[in-house]
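Subject: Structure handover

Hello,

Here is the structure we talked about. Please look it over first, then read the notes below.

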Amino acid sequence: MKNAVISFLAALLIFSPLQAQYYDSDNAQPRKKVAVVLSGGGALGAIHVGALKVIEEAGIPVDMVVGTSMGSIVGALYSVGYTSDDIAKMFRTMDWVELFLDRNAQNRLTLSERDDQNTYIYERDFYVGGSQDPRPGGVIRGTNVERVFGYYLQDYADSINFLRDLPRQFACVATDLVEDDQVVLTSGSLVKSIRSSMSIPGVFTPVRMGDKVLVDGGAKNNFAADVARQLGADIVIGVKFDGVINPNKQFRSLMDVMERSAGSDVTRRSKENEKYCDLLIKVPVTGYSSGSFSRKALDTLMERGESATRAKLDSLMILKEEVGVDYEHKNIKQPREITSLIDIVDEDRGLLDLRKNNTVVASIGARYDNEDIIAFQLNGHYYMGGKVNKDLDLTLRLGLRSMLRLGFDMEPWKFRKMGLGYEIWYKYNDVFTRGHRSANMSVIYQKANVKLFSLDAMNFDCELGLGWEHYHFFKGLWNEHNELKINDNEHYFNYHLRLRYNNEDNRYFTHRGMRAEAQAAYYTDNLAKWKGHSGFTSLMAMWQMTFALSHSTHIRPRLQTRMVFGDDLPLTAYNVIGGPTYGKYFPQQLPLEGFGHSEFFDSKFVSASLRVQQRIIGRHYAMLDASVAEHNDKLGDIFSRTPIWGVQLGYYYNTGIAGPLGCSFGWSSHTHRLHFYVTLGLDF
């Protein structure tokens, strides 16, 4: 008898939380349990946000949410207490391209890792030596999906029971590749569960839970109204997109054919599950697809979800009476404030050691511009590990400027390295004089480097080393504008020190942060002297900082200088000014707004510039730059000339993974010529 009483009390404690939420909070009268079922569909899942808004306004108490794929993401957020307005704000502020990539937060990387991430479109890692592939079964790990939703769901991050421990009951559907059947997830890690439910096969790596290998639930049950009934729902409200196929659709694209052929059985089951709904809300999504993650598309889909549900408002009010609610239902209080993805990154600080022993990381980059045309860059990085970490790096660039680079580093202490490097370039350069093309030069440039000491930290790095450089100019076409005198072969040794600091949030579309760099180098031809006398010295410094004038408007002042001191300077030591980026055509090149092409300037140079960056809408940006510069061979006379100034206006679209797509027009008082530049891709 005693054991029976104990068992009864235990059962009462376990099930009492579930029973309590089906009572009217004002008069403790029992009512029916209401479930909302949300279908999958990628970006089309935005319709659920609008539908939930109307359900809230109608005062329908939602006790359970069952979701698949994107429906599981919306459902999980709603189940922990976020309102439809909260989720709508997330949809609008989230960078969905970044979310579905494996790019790490900038402030979790060393500067060299950040440089790599801002250079390559895609990277893939492999274990060597017989170890298991670290990324089996998919192209994308889903790192950012887990990180971002781990932030929004962090109060429920531990292993929990979704039917007992959440403000609203929750379940999501995944597909087990081992059993080839659906799996209903009602406990465990909430983040891992929604990550499983939305893992598109072949795109995202499967999630392993025990002996199960889980992928997108849409592969088996994209509209799980039957699951809601199995979990005890008395009233089921279903929301799904209206997937009517246009009879005139030609299925010309591979994606159209794959989606249709793979989804036939799923579509059939989805239709069969409609019979489990007391109210079915079908939302038209004509003109949009699962990949329509633009701000405009998401807003339209949310509006369509709201309109389709509002058209069913009379039916919702009838259901409300059937549920047994005679008071104005109040939504559960949200557990935290909504922030943007930028704010989430700021919460996540501290270096991560991303390297794994016996791992090769292969990366690829590609870009186009109207000067280099098409260029590709491939990189292989082999992390050997060991007591003293060792890295081997190989980089190949193909294009008008081709390059091969080899590097070997040892790390006796964490993030502190010593190493050797060698690179060889073939460069075909156009050189301009006052805006006129004056020379076409082909050069083979070689560089060797001994890294005596380097520190590679989160926002700071430094390097002390010894280098050798060699230029071989083997072809040159000159015209009447040429003022250059170049030796066929030039080489020198250098002792150098470089310091860098960078905490900018984005390399190409910066919203905040500072970037600064300083370099000092002493050059000789025999490690001691230059042409029989003291060597020459090069000093370079740059500082820029971004300030917000408003949420969409930012300004970025920049100061930069490079000064060379010494006698008998070779031409390759003089300043090269212009072009879009640092070191694009010559190692010592400094960009300057308004100067589209590179020109040789005097040995002492200083400039100031100001950028106004305006986000027009979504990923569209306009940028206005102005610059002023002075140069001279004598430091004391550097400000004696009339200043050179330039302006530049550009439009850019942030493609995310592929880098900026845009064009710019520039003009300067030095060249008196208009320059037009088109670019697509990350810089390298």
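pLDDT (the predictor's confidence in each residue, from 0 to 100) stays under 50 over residues 1-21. For that stretch the model has 9 contacts beyond four places in sequence, a contact being heavy atoms within 4.5 Å. Residues 340-349 also stay under 50, with 25 such contacts. The chain as a whole averages a pLDDT of 84, and 84% of the residues score at least 70.

Some ground rules. This is a predicted model, so local features need pLDDT of at least 70 and side-chain atom pairs count only at pLDDT 80 or more, while totals for chains, interfaces and linings use all residues. Residues are numbered from 1 along each chain as its sequence is written, and side-chain values use heavy atoms, with hydrogens and water left out.

**Cores**

A nonpolar core is a set of buried Ala, Val, Leu, Ile, Met, Phe, Trp, Tyr and Cys residues joined through side-chain atoms within 4.5 Å. Buried means under 20% relative accessible area, exposed means over 50%, and partly exposed lies in between (1.4 Å probe, protein chains only). The largest nonpolar core has 69 residues. F91, F149 and I237 have the most contacts inside it. Beyond four places in sequence, I237 touches residues including V34, V36, I55, L279 and L319. A second, separate core has 22 residues, among them M441, Y523, W530 and L569.

Y492 lies in strand β21 (residues 489-502). Helices (H or I, at least four residues) and strands (E, at least two) are DSSP runs, numbered from the N terminus. Y492 has a relative accessible area of 2%, so Y492 is buried. Leaving out residues up to four places away, Y492 touches Y523, W530, F536 and P570, among them. Y492 and P570 are 78 residues apart in sequence, yet 9.9 Å apart in space, C-alpha to C-alpha.

K240 sits in strand β12 (residues 235-242). Its relative accessibility is 7%, so K240 counts as buried. A polar contact of 2.9 Å joins the side chains of K240 and E274. Other contacts of K240 beyond four places include S39, F223 and K282.

**Salt bridges**

The structure holds 31 salt bridges (a side-chain nitrogen of Lys or Arg within 4 Å of a carboxyl oxygen of Asp or Glu). E322 pairs with K32, the closest N and O atoms being 3.5 Å apart. This pair links distant parts of the chain, 290 residues apart: E322 is in helix α13 (residues 313-323), K32 in the loop between α1 (2-20) and β1 (34-38).

R229 pairs with D278, the closest N and O atoms being 2.7 Å apart. R229 is in helix α9 (residues 225-230) and D278 in the loop between α11 (264-272) and β13 (279-284), 49 residues apart.

E423 and R405 meet at 3.2 Å, N to O. E423 lies in strand β18 (residues 416-433) and R405 in strand β17 (residues 401-413), so the pair ties together parts 18 residues apart in sequence. E423 is buried at 13% relative accessible area, whereas R405 is partly exposed at 27%. Salt bridges with shared partners also join R367, D369, D372, R397, R401, K584 and D683 into one network.

Best wishes

Note on methods: Polar contact = N/O pair within 3.5 Å; in protein donor to acceptor, adjacent residues only side chain to side chain.
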